[in-house]
Amino acid sequence: MSAWRLLLTRPAEDCAALAQILAAQGVVSHCMPLLAIEALDETPEQRSAFADLQRYCAVIVVSKPAARIGLQLLAQHGASTPDLPWFSVGAATAAVLAEQGLAVHFPDVGDDSEALLALPALQQAIAAPAPCVLILRGEGGREFLAERLRSQGVSVDYLPLYRRVLPQYAPGELSRQVRAERLNGLVVSSGQGFEHLLQLAGDDWPALARLPLFVPSPRVAEQARAAGAQIVVDCRGASAAALQAALEQFPAAAL
């Protein structure tokens with residue numbers, strides 16, 4: 001039985017799935033989703049992009065919500081999926097796309113844009129004449145991926161499909177749950193998830209900042225340390241397997 005008692009903050013469905021995986025490994029966890037997904041209203045840009053997918057040399061999908069909503073829109077409009085490569089940042093997003101028979105490439109190591117850009121299959125795709133890439137994502141987000149692709153001469157179209165919002169909680173609820181469940185570690189899956197953690201913590205953040213914080217990437221680790229988090233563990237990925245590996249490498253008693 002692990003000594004870890006973790007606060008999980010992913011969207012509700014993903015949070016429950018992760019909790020079940022951890023429980024099978026003897027890790028106690030408590031779900032408090034700090035991200036809720038709201039699909040954006042359909043736009044002419046969405047309809048145009050899905051109707052003309054053949055103009056792209058690749059489609060990049062940055063998250064499971066983007067994959068799910070994108071596939072729903074494809075089906076809704078009866079759009080065809082031409083024989084072009086699809087890419088995702090991680091295995092979980094790739095699995096959503098692969099269920100629909102799409103050919104998906106994703107990094108074996110590292111669930112981030114840097115790892116995706118290093119994929120030989122992506123470099124081969126953008127070697128096409130006048131390459132143009134479509135990125136399906138949420139509202140806002142990092143510009144790093146598009147900037148790097150554009151620096152290689154690639155035309156990039158963004159298609160926002162959803163927004164992430166902080167669910168409603170009573171003031172002080174985060175600290176109350178941490179105390180009530182005797183939690184000794186926090187887990188966030190994205191930079192925005194960490195921002196919501198800070199927002200919800202409010203004046204209680206200095207106390208919560210003493211708890212070990214598991215994050216998915218060096219970028220979020222830097223963000224957390226800059227905000228005062230005292231013990232930050234970079235899982236080098238947002239998957240359940242990446243978190244499990246970090247928990248094994250850093251037993252609760254060692255932090």
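A: Happy to! A term to begin with: accessible areas here come from the Shrake-Rupley method with a 1.4 Å probe. By that method, the accessible surface of the protein chain comes to about 12000 Å², and 51% of this belongs to carbon and sulfur atoms. Please keep in mind that you are looking at a predicted model.

Let's take in the whole chain. Its C-alpha trace spans about 55 × 35 × 35 Å along the principal axes. A compact globule of 255 residues would have a radius of gyration near 18 Å, so the 19 Å of this chain agrees with that expectation. Twelve helices and eleven strands make up its list of helices and strands. Charges are part of the picture too: there are 19 positive and 25 negative side chains, and the centres of the two sets lie 5 Å apart.

Now we can go inside. Of the 255 residues, 48% count as buried. Some of them form the largest nonpolar core, which has 25 residues. Within this core, Val59, Val61, Trp86, Leu97, Leu134 and Leu136 touch the most other members. Several elements each supply at least two of its residues: helix 2 (44–51), strand 4 (58–61), helix 3 (64–76), helix 4 (91–98), strand 7 (132–138) and strand 8 (155–165). Helix 3 gives the most, with six residues.

Setting aside neighbours within four places in sequence, Leu134 is in contact with Ala49, Leu53, Tyr56, Ala58, Val59, Ile60, Asp157 and Leu159. Apart from this core lies another, of 24 residues, with Leu174, Phe194, Ala201 and Ala224 among them.

How do contacts reach along the sequence in general? Among contacts between residues at least 6 apart in sequence, 65% join residues at least 24 apart.

One last stop is Leu198, in helix 9 (residues 191–201). Is Leu198 buried, partly exposed or exposed? Since buried means under 20% relative accessible area and exposed means over 50%, Leu198 counts as partly exposed because its relative accessibility is 28%. Beyond residues up to four places away in sequence, Leu198 touches Trp205 and Ala227. Leu198 and Ala224 are 26 residues apart in sequence, and their C-alpha atoms are 9.4 Å apart in space.

Definitions and conventions:
Residues numbered from 1 in each chain as written. Predicted model: local features only at pLDDT ≥ 70, side-chain atom pairs only at ≥ 80, totals over all residues. Heavy atoms only, no water. Helix = DSSP H or I, 4+ residues; strand = E, 2+ residues; numbered from the N terminus. Rg over C-alpha atoms; globule rule 2.2 N^0.38 Å. Buried < 20%, exposed > 50% of the residue type's maximum accessible area, 1.4 Å probe, protein only. Contact = heavy atoms within 4.5 Å. Lys, Arg positive; Asp, Glu negative; His and termini not counted. Charge placed at Lys NZ, Arg CZ, Asp CG, Glu CD. Core = buried A, V, L, I, M, F, W, Y, C linked by side-chain atoms within 4.5 Å.
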